[in-house]
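Hi,

The structure we talked about follows below.

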Amino acid sequence: MIRKALLAFALLSAPLALSGCGFTPVYAQKGLPGELASIDVITTESRTGYFLRQNLVSGFNTLEGQKRYRLSIRLEEKRYDIGIGVNDIAVRSEISTTVEYSLIETATRKVLTKSTFVDTTTYDANAQSPYAGVAAQKDGQQRAATAIGERIRSELVLFFHEKKAAPAA
């Protein structure tokens, strides 16, 4: 009985302790959804670029009309066979995508932040039919786009969070 009371007290007092130390969740920041919604996303024309753009536009809840920022993303995709079967046919393939992005303020054309990173995704290439191989590759590109989009979105959220937290110059 006492254990349950102590556990209930600890669970109820945890939010008070967190708010007392100044902890603020990143997504609780006022204005952050508006900043993300005013980003125009431009990607490399490729299948992965298409999936990435759809992922980011959906995640940002991008609005129609004039955009305050432009997110320019360049993708360089390479495919490697990493698993070779006993019959000398690839059974596993890897997509290595080099991502370079920059967030630009459209009014001043000033680069606010930029980054470069590499994302790696693998897929099963042991296709019994040509269609299965194409479908597996497409699935790998979708998963790569999702991972790249989540990383870019996280980095931009942190950028806007730090921008708001910094004192005005």
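R109 sits in the loop that links β3 and β4. Helices and strands here are DSSP runs (helices H or I, at least four residues; strands E, at least two), numbered from the N terminus. This is a predicted model, in which local features need pLDDT of at least 70 and side-chain atom pairs count only at pLDDT 80 or more, while totals for chains, interfaces and linings use all residues. Residues are numbered from 1 along each chain as its sequence is written, and side-chain values use heavy atoms, with hydrogens and water left out.

R109 is not a glycine, yet has a positive phi of about 60°. Most residues other than glycine have a negative phi. The hairpin of β3 and β4 has 4 residues between its strands. R109 counts as exposed because its relative accessibility is 70%. The cut-offs: buried is under 20% relative accessible area, exposed is over 50%, and partly exposed lies in between (1.4 Å probe, protein chains only).

**Overall layout**

The protein has 4 helices and 4 strands. From the N terminus, their order is α-α-β-α-β-β-β-α. Of the 169 residues, 33% are buried. The accessible surface is about 11100 Å², with 56% of it on carbon and sulfur atoms. Those areas come from the Shrake-Rupley method with a 1.4 Å probe; for residues, only the protein chains shown count as cover. Take the contacts (heavy atoms within 4.5 Å) between residues at least 6 apart in sequence: 64% of them join residues at least 24 apart.

**Strand pairing**

Strands pair if DSSP finds at least two bridges between them. β2 (residues 69–84) and β3 are antiparallel, with 15 bridges. In that pair, L75 is opposite V99. The β2–β3 hairpin has 5 residues between the strands, and D88 in its turn has a positive phi of about 65°.

**E105**

E105 belongs to β3 (residues 90–105). The E105 side chain does make a polar contact with the side chain of T108, at 3.0 Å. Polar contact means a pair of N or O atoms within 3.5 Å; within protein, one must be able to donate a hydrogen and the other to accept it, and residues adjacent in sequence count only if both atoms are side-chain atoms. Not counting residues up to four places away in sequence, E105 touches R68, Y69, K110 and L112.

**R143**

R143 is in helix α4 (residues 130–165). R143 is partly exposed because its relative accessible area is 37%. Its side chain reaches the backbone oxygen of T122 at 2.7 Å. Outside four places in sequence, R143 contacts T121, T122 and Y123. R143 and T121 are 22 residues apart along the chain, with their C-alpha atoms separated by 7.3 Å.

Best regards
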